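Please look over the sequence and the model below before reading the notes that accompany them.

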Amino acid sequence: MKRLFVYSLLVVGMGLSAGNVRAQQAAMYSQYMFNALAVNPAYAGSRNVLSATALYRTQWTGIKGAPQTGSFTMDAPFYRKRIGAGIQIFNDQLGITKTTGGVVSGAYRIRLDKATLSFGMQGSVTQYRAAYSQVELSPGGSPIPDPAFSEDINKVLFNAGAGVYFNSDKFYLGISVPELLRNKLTSQSVSAGGELSRQALHLFVASGVVLPVGDSFKLKPSFLFKGVEGAPLEADINGTIWFKDFIAVGAQYRTSADISAMVELQATPQIRVGYSYDRSLTSLRSYGSGSHEVMLRYEFGFQPDKVLSPRYF
């Protein structure tokens, strides 16, 4: 009975993400500040070096079919740092659905006195697969026919997005819509109104600042607001404390969903490692042991005789 209840929650979540009432379709990360290129194409090149970031998230550990997401991004500035370019490869699996794809991003960067203003665009190609015919609608009983679960999906989707990003050494603000096209996900109507399942528009607003606290500590609050067409507004509110630009500990609250603890380590001038643990605030906390997320960033071009100023975003 417990497994049936949890599986039902997953199926309902997938149905909401594809139907007339929409939940978030984009992959979710707690360490969004390290995966900004996945949210905003205008971020490309903003770290002023060739930077590569790998991130892996396993959500609701212990629950069969729970989300698992992997992402790899790389970006760099070009042409006197006026142009930023980046790529992203990702794989996101939730139950019977699997989304795999790649994104190419470009940004035009306007250098200001002590900051940079960037305008970015991206193009993406995604393979979306959903094995709806494998859903067991009546465990232990006679099969129940349901047209919404009769058709497996295997589609290649093309999309485009845009964003704006302003940043200085200790502040950033970004606004983006990563996918502007509402591609069809199925060829049949699954809602009562007869509307075809489509990709939903996502609006992201992200900001953060670094505040010195004494000689050794820095406070870094940040937030990410996520607006999805037809769904309630969601926010990730985060705060970390850095000690001597070497190690940081922090916490995060995701509205009506999770609380998180996280740690960051600047192991070398080139290598940064991050880990976060999420605990659900919903009924799922009784069925899983939480969510884990790990991040590894490597920055190229470091010269031993050159001191790099810390990059917080």
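Predicted model: local features only at pLDDT ≥ 70, side-chain atom pairs only at ≥ 80, totals over all residues.

Residues are numbered from 1 along each chain as its sequence is written, and side-chain values use heavy atoms, with hydrogens and water left out.

**The chain as a whole**

- The protein chain contains 1 helix and 17 strands, where helices (H or I, at least four residues) and strands (E, at least two) are DSSP runs numbered from the N terminus.
- Of the 313 residues in the protein chain, 42% are buried, a class that means under 20% relative accessible area, with exposed set at over 50% and partly exposed in between (1.4 Å probe, protein chains only).
- Among contacts (heavy atoms within 4.5 Å) in the protein chain between residues at least 6 apart in sequence, 55% join residues at least 24 apart.
- The protein chain exposes about 15,500 Å², of which carbon and sulfur atoms supply 64%, as computed by the Shrake-Rupley method with a 1.4 Å probe.

**Strand 17 and its partners**

- Strand 17 spans residues 291-299, and its covered face consists of Ser291, Glu293, Met295, Arg297 and Glu299, whereas His292, Val294, Leu296 and Tyr298 form the uncovered one.
- Strand 1 (residues 51-58) pairs with strand 17 in the antiparallel sense over 8 bridges, pairing being assigned if DSSP finds at least two bridges between two strands; in this pairing, Glu299 of strand 17 is the bridge partner of Ser51.
- Strand 16 (residues 271-280) also pairs with strand 17 in the antiparallel sense over 8 bridges, and here Asp278 stands opposite Ser291.

**Aromatic rings**

- The whole structure holds 6 aromatic pairs, counted for rings of Phe, Tyr and Trp (its six-membered ring) with centres within 6.5 Å, and classed by their planes as stacked under 30 degrees, edge-to-face over 60 and tilted for the rest.
- Tyr298 and Phe300 form an edge-to-face pair, because their ring centres lie 4.8 Å apart and their planes stand at 75 degrees.
- Tyr298 is partly exposed at 32% relative accessibility, and Phe300 is partly exposed at 36%.
- Tyr43, Tyr165 and Tyr172 form one aromatic cluster.

**His202**

- His202 lies in strand 10 (residues 202-209) and, with a relative accessible area of 5%, is buried.
- A polar atom of the His202 side chain lies 2.8 Å from the backbone oxygen of Ala200.

Definitions and conventions
Polar contact = N/O pair within 3.5 Å; in protein donor to acceptor, adjacent residues only side chain to side chain.
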